[in-house]
Amino acid sequence: MKPHITLLTLGVDDLERSVAFYQGGLGFNTEGIIGAEFEKGAVAFFNLQAGLKLALWPRSSIAADTGLTRNPPSSTDFTIGHNVGSQVEVDEVMDQATKAGAAIVKPAQATFYGGYAGYFKDPDGHIWEVVFNPTISSLG
């Protein structure tokens, strides 16, 4: 398997609420909810960067499609990192997320590795880390 990710799918409880958060609140570009004409098919895609998309798909649809039992979500199972170029940008993104309705898990602050980061939780409990890491400038 070639180490290349093209799609990250987040399971959500309320697809319309989640699309509103990412599109209206964070400014992510999407064509909106598609596939609603199919049972368990409603999904929203967001272009993140060349070759990478974010999908929002109801947790119940993921369970049905995979054949797995739907389990309670856990915010500590997975985090999404959003690297930016400065501490000011961290604060700006954290402020934008707050205005969009995110819950701040950990306010932005200096990190043990010399960076600056904070965490927020989206409406479905997914954790985003907004981070400035001066030693990994290629990520921001």
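**Salt bridges and sheet of the predicted model**

Arginine 17 is partly exposed, with a relative accessible area of 35% (buried means under 20% relative accessible area, exposed over 50%, partly exposed in between, with a 1.4 Å probe and protein chains only). The model is predicted, so local features need pLDDT of at least 70 and side-chain atom pairs count only at pLDDT 80 or more, while totals for chains, interfaces and linings use all residues. Residues are numbered from 1 along each chain as its sequence is written, and side-chain values use heavy atoms, with hydrogens and water left out.

Arginine 17 forms a salt bridge with aspartate 124 (2.8 Å, N to O); a salt bridge is a side-chain nitrogen of Lys or Arg within 4 Å of a carboxyl oxygen of Asp or Glu. Aspartate 124 lies in the loop between strand 7 (116-121) and strand 8 (127-132) and arginine 17 in helix 1, so the pair ties together parts 107 residues apart in sequence. Helices (H or I, at least four residues) and strands (E, at least two) are DSSP runs, numbered from the N terminus. Aspartate 124 is buried at 6% relative accessibility. Its side chain also meets that of arginine 59 in a salt bridge (3.9 Å, N to O). Asp13, Arg17, Arg59, Arg70 and Asp124 are linked in a network of salt bridges.

An open sheet of 4 strands has the order 1-4-3-2, with mixed pairing; two strands pair if DSSP finds at least two bridges between them. Strand 1 (7-12) and strand 2 (30-34) stand at the edges, each with a single partner strand, so one side of each is left without a neighbour in the sheet.
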